[in-house]
Amino acid sequence: MTSLLPGAAAAQQAPVKAQAVAVLESVNSTELRREPVNLTELRRDAEKASKELEAATKALEQRRAKIAASQKELRAKLSQLQTAEKAFAQVRQPLSDMVELLYQQPVGGDVSGFLSGTSDVGTLQAMASTTQLVAQRNLVLEDSSRLQAEQERLASEAQELRANSLLSEAQMGAEIKTLQERSQKIVKSLTQALVKLGVKLDKSGKPAAGCDPTRATTMDVFANGLIPKAYLCPLQQRGEELRGDAALAFISLNEAYRKRFGKPMCVTDSYRSLSEQQSVYYTRPGLAAVPGRSNHGLGLAVDLCGGVERFRSVEFNWLEANGKTFGWIHPDWAYVSPFEPWHWEYDVKVGSLL
């Protein structure tokens, strides 16, 4: 068996160690991507499910509006038909009176005289009245047939409209129910993932409703620094919170950071209410935005510590290189004016593309 000198053995083992380190880094890299990507995918799925549910609901409302319009048109036609029937009854009444008169003064006995050529003027007038009666009767029958056909057509149309409406609404109702169940399932999965990652629970045992990323689209109605607590999502760092989409992205980034440095990110500040912005502005002049204009007041910014606050530290460089993968950036102004290496912001446009 060939023996190796200590130096030679070390030289032979060096490539093996390098390969093992490379494999370990590859595994760590895969793990680093796996958890955050899953959370990002859940966020994306929740947003997609919300949009699909909104679209289906709008489609159902549009369908109901069309049904209402059709029924209104149908009622108008039925009203027109009823008016026509009343008018027809008025036309028919003189004919009915004439028939009654002819029954009271029959002319049947004078027909023989008419055929033999011995009829008088009265007989001829009676016969003319009978001819007119027959002609008017035929017109009445035609009008009756037309009105009856129109009535049958409208009745059939009404029945078909009702059947189609019920079927369409049932189908769309089932679709909406399916989408609701799917959305609830996704939100539940998202909730479980957040709980697993250490997000603080509320009194009901669930993360805050503000963690729902679909609520972020409604945040524009709130003024800077006046976002209700129900619309904010807690971070793993106690006492810190952001708006839903920014919070989910930060939680994913925090897990990646933890895998790289063995500890979570250190956060000194996140969402700031308007009163907190005023306090910071007056106690740290030149290092805080004018109250009501800070991204902290939008729930889109954090101030970090634990090494990130030192410009060009290992932590700062890592975050600069990897933060954008999760939608988090170090804004251009924070490099120079004022110089704030600790300040990081969630870019909504970048985050929405992830």
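Reply: C266 and C305 form a disulfide, with their sulfur atoms 1.7 Å apart; a disulfide here is a pair of cysteine sulfur atoms within 2.5 Å. The torsion about the S-S bond is -75°, and the link of C266 and C305 is left-handed. This pair ties together distant parts of the chain. C266 sits in strand 3 (residues 266–269), C305 in strand 4, and 39 residues separate them. Helices (DSSP H or I, at least four residues) and strands (E, at least two) are DSSP runs, numbered from the N terminus.

This is a predicted model, in which local features need pLDDT of at least 70 and side-chain atom pairs count only at pLDDT 80 or more, while totals for chains, interfaces and linings use all residues. Residues are numbered from 1 along each chain as its sequence is written, and side-chain values use heavy atoms, with hydrogens and water left out.

The two ends of this link differ in cover. C266 has a relative accessible area of 31%, so it is partly exposed. C305 is at 13%, so it counts as buried. The cut-offs are these: buried is under 20% relative accessible area, exposed is over 50%, and partly exposed is in between (1.4 Å probe, protein chains only).

How many disulfides does a search of the whole structure find? It finds two. The other joins C211 to C233, S to S 2.0 Å. Its S-S torsion is about 85°, so the disulfide of C211 and C233 is right-handed. It also links distant parts of the chain. C211 is in the loop between helix 3 and strand 1 (232–234), C233 is in strand 1, and they are 22 residues apart. Both C211 and C233 are buried. With the bonded cysteines numbered in sequence order, the pairing is 1-2, 3-4.

Next, the nonpolar core. The largest one has 34 residues, and F250, L304 and W328 have the most contacts inside it. Such a core is a set of buried Ala, Val, Leu, Ile, Met, Phe, Trp, Tyr and Cys residues joined through side-chain atoms within 4.5 Å. Elements that give it two or more residues include helix 1 (6–104), helix 4 (244–261) and strand 4 (301–305). Helix 4 supplies the largest share, ten residues. Beyond its neighbours within four places in sequence, F250 is in contact (heavy atoms within 4.5 Å) with L235, Q237, L242, M265, V267, V302, L304 and W328. Apart from this core lies another, of six residues, among them A56, M172, I176 and L179.

A polar atom of its side chain lies 2.7 Å from the backbone oxygen of L197. The Q236 side chain also makes a polar contact with the side chain of N254 (3.0 Å). A polar contact is a pair of N or O atoms within 3.5 Å; within protein, one must be able to donate a hydrogen and the other to accept it, and residues adjacent in sequence count only if both atoms are side-chain atoms.

Last, the whole chain. The protein has eight helices and six strands. Of its 354 residues, 33% count as buried. Among contacts between residues at least 6 apart in sequence, 66% join residues at least 24 apart.
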